[in-house]
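Please consult the sequence and the structure shown below.

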Amino acid sequence: MNVPLGLAPFAGQSRTEHALVLAGGVLACLIGYVGATAAFFGLAALGHGEPVGPQRVAGAFASLACWGFYALAFVCGKGGPVTDIVAYPIATVAVVPFAFRWTAFGPAWDALADRVGFFLFRPTLFVEAAVLVVPGLVLCAGVLTAWASLLGEEAVAAWQREHLSESFRAAFVEE
């Protein structure tokens with residue numbers, strides 16, 4: 001079964017390199033999350049039943065670290081053109097903070113049941129999602145915009161020819 005074109009990796013990349021990009025994004029997210037918490041509040045602030053403010057601040061730092069890493073991987077032509085910008089960062093910031101808290105402080109089944117039940121009527125879930133996505137997405141867009149503007153059109157076209165497969169370029173880049 002073929003990988004959908006939008007999820008295809010960059011050209012000339014091994015599976016190991018691709019897996020290392022994903023592992024690096026997870027590590028960057030974890031360092032941003034735990035590092036910000038330790039620096040500003042102490043790790044106990046991530047415990048179950050603690051106020052959510054410190055967790056949201058840590059989530060914003062995790063988002064910045066994660067999306068920043070994937071943006072730099074994109075610039076280097078590692079990972080995948082769509083996965084580095086959308087799929088991997090969203091999945092990483094959704095899973096890593098949750099997994100760390102459950103690993104460090106044990107599962108919080110009651111909190112999970114509260115979140116799953118009636119999730120459409122809980123605005124705090126949308127706030128938490130925005131905290132995990134928006135800062136990093138803005139950073140990623142800024143990094144990629146600055147990178148493309150510094151390179152210029154000819155260098156970007158050369159980068160595309162080197163790192164994007166012919167089928168991907170035909171489907172998503174060329175008009």
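A disulfide is taken here as a pair of cysteine sulfur atoms within 2.5 Å. By this rule, the predicted model has zero disulfides.

**Cysteines**
- For Cys 66, the closest cysteine sulfur belongs to Cys 29 at 4.8 Å, which is too far for a bond.
- Cys 66 counts as buried because its relative accessibility is 0%.
- Cys 140 has its closest cysteine sulfur in Cys 66, and the separation of 9.6 Å is likewise too far for a bond.
- Cys 140 also counts as buried, with a relative accessibility of 1%.

**His 18**
- His 18 belongs to helix H1, which spans residues 15-40.
- Its relative accessibility is 15%, so His 18 counts as buried.
- A polar atom of the His 18 side chain lies 3.0 Å from the backbone oxygen of Gly 79.
- Beyond its neighbours within four places in sequence, His 18 is in contact with Pro 9, Gln 13, Gly 79, Gly 80, Thr 83 and Tyr 88.

**Nonpolar surface patch**
- Phe 40, Phe 41, Val 57, Phe 61, Leu 64 and Leu 139 make a nonpolar surface patch of about 480 Å².
- The most is given by helix H2 (residues 52-76), which supplies three residues to the nonpolar patch.
- Val 57, one of the patch residues, is found in helix H2.
- Val 57 counts as partly exposed because its relative accessibility is 31%.

Terms used: Residues are numbered from 1 along each chain as its sequence is written. This is a predicted model: local features need pLDDT of at least 70, side-chain atom pairs count only at pLDDT 80 or more; totals for chains, interfaces and linings use all residues. Side-chain values use heavy atoms; hydrogens and water are left out. Helices (H or I, at least four residues) and strands (E, at least two) are DSSP runs, numbered from the N terminus. Buried means under 20% relative accessible area, exposed over 50%, partly exposed in between (1.4 Å probe, protein chains only). A polar contact is a pair of N or O atoms within 3.5 Å; within protein, one must be able to donate a hydrogen and the other to accept it, and residues adjacent in sequence count only if both atoms are side-chain atoms. Contact means heavy atoms within 4.5 Å. Patches are made of residues with over 30% relative accessible area and no salt bridge: like charges are joined within 9 Å, nonpolar side chains (Val, Leu, Ile, Met, Phe, Trp, Tyr) within 5 Å. Accessible areas come from the Shrake-Rupley method with a 1.4 Å probe; for residues, only the protein chains shown count as cover. A salt bridge is a side-chain nitrogen of Lys or Arg within 4 Å of a carboxyl oxygen of Asp or Glu.
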